[in-house]
Amino acid sequence: MAKGEITLKISRYIPGKHQEAFLKEYKVPTSEGMMVLDALNYVREELDPSLAFRWSCRMGICGSCGMSVDGKPSLTCQDLINDHNDDNALIIAPLSNFPVIRDLVVDLTDFMEKLKKVKAWIIRDEDIPLSDGEHVQTPSQLMAFRNHSGCINCMLCYSACPIYGLDTKFIGPAAIALAYRYNLDNRDQGEKIRQPILSSPEGVWDCTFVGECTEVCPHGVMPAEAIQRLKLQFAKDMAFKTLMPWTKR
Amino acid sequence: MSSQPDKITDHSSRYRVPVTDSRLWWLKNRRYLSFMLRELSVLGVAIFLVVYLVQFAVLTSGQENYNQFLNFMKNPFWIAANVIFLAFAVLHSITWFNLVPVVTPVKIKGKEISRFILWGMGLIFWAGVSVIIAGIIMTFS
C-alpha cells in the first residue's frame, strides 16, 4: 500500500460529554512509510481537533504514544500502517488495563506509584564524594543490566499482562524489570531494601510467566526474564535461610 | 466558585478495559493460548500419575487383579486418555525446557552460554534419560 486511504476506528470518550466509549470512523489518506501516529495526527489536525492522545518524540524513545492497535499494544510512532493493511481499517483504542482519562489517554498514576515503591534508582549506603571521581564500571558490569535499562515506561507490557488485568495490585513487569536493573548495577547497594516489596505476594510471585510483556516490548527489554530470575533468587535465599539459618545471605 | 466536578481529577468518570475482559481472553493471541495449554498440561500429567499410583496399588493385590486392571485399561477410552496424557506430558516437558535457559543463565568463564545451546542440552538430557528408563523397563519386563 503506497498511497491510498485507511479507515481509523478510534475509541472516543470525553467525560461529562459521553456516557461511555464508542468507536468513531475517520478516513485518512495514507502514504509510504506512514506510521499509525502520523494517521492520528492527521485526524487531529485535519478532521477532528477534539481527539486526545499522547505523543512526543516520534522516535520510539519517549514512550508516550502507546495505544492498542487492532487489539495489540503498540508504540504507534513505530507502527507502520502498511503492516496492518488486511482490511484497510484499524481499530485504535486506549491501552488495556489502565483507567481512561479521555479518548486514547490513560492514567499512569498506578505505575508511577509502583516505580517509587520498588525504588528504581541507585541506592548507596554512603555516597562517594564527588572529589573521589566517578564510579568506575567495566563493560561486562554494564552489560549485566543493560537490557533492563532500555525500558522507556511506555506501559505496553502492563497492557499485555493478563495478571495486571485481573489484579492491579501486581507490581507489574516494567517496575520489577527496572528494580532488577538497579539490583544488577555494581554502583547500587539497595538490593536488600527492594527485596521486601519485590518478594511480597504482589511482587514477583503474582507473575505466572505468560511472557507477553517481553514479546510486546518495543525496546527488547525482557521483564519476564527479570521476574523469573528474581523468583529463583528469592527461593534460593529462602531455602538457605531455612536450612542454614546461621549463614548470612 | 463552581461546584462542577473537575473532569481531569474526577476518577469516578474513568473506565478501564482489562485485557482479561472476557472468559475467552486467552484466545486473543497465540502466546496467551500457549500459556493456558502449558498450565492445563499439569492436569493431564497429574491424572496420569493418579492412574499410575492406582496401578501400583492393584499390583500389590495379586496377579489376577492386576491382569483384570490391565484388561480394563485396554478399552478405547483409556487408550485415548493415555494418548492425551502423553501429549500433555510432552507439551509440559518441552515448554519447561524452553523456560530453563530464560530463568537460569549459565556462565562459563564469565561468559553466558547461548540460550539455544542450553535449550538443546536440556532436550538432549531429557531424551537421554527417557531412553535409559525405557531401556530398563523393556529389559526387566
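Here is a walk through the salt bridges in this predicted model.

Let's begin with the overall tally: searching the whole structure turns up 16 salt bridges over all chains.

R31(B) and E215(A) form a salt bridge through their side chains, with an N to O distance of 3.7 Å. Because R31(B) sits in helix α1 of chain B (residues 30-59) and E215(A) in helix α8 of chain A (residues 212-216), this pair joins two chains.

The side chains of D21(B) and K28(B) make a salt bridge at 2.9 Å, N to O. Both ends can be checked for accessibility: D21(B) comes out at 46%, so it is partly exposed, and K28(B) is also partly exposed, at 45%.

Next come two sequence neighbours by number, R38(B) and E39(B), whose side chains meet in a salt bridge of 3.2 Å, N to O. Are these two buried or partly exposed? R38(B) has a relative accessible area of 11%, and since buried means under 20%, it is buried. E39(B), on the other hand, is partly exposed, with a relative accessible area of 37%.

Finally, hop over to chain A, where the picture moves from pairs to a network. Salt bridges link R12(A), K24(A), D48(A), R102(A) and D103(A) together there.

How values were computed
Residues are numbered from 1 along each chain as its sequence is written. Chains are lettered from A and ligands numbered from 1 in the order in which they are written. This is a predicted model: local features need pLDDT of at least 70, side-chain atom pairs count only at pLDDT 80 or more; totals for chains, interfaces and linings use all residues. Side-chain values use heavy atoms; hydrogens and water are left out. A salt bridge is a side-chain nitrogen of Lys or Arg within 4 Å of a carboxyl oxygen of Asp or Glu. Helices (H or I, at least four residues) and strands (E, at least two) are DSSP runs, numbered from the N terminus. Buried means under 20% relative accessible area, exposed over 50%, partly exposed in between (1.4 Å probe, protein chains only).
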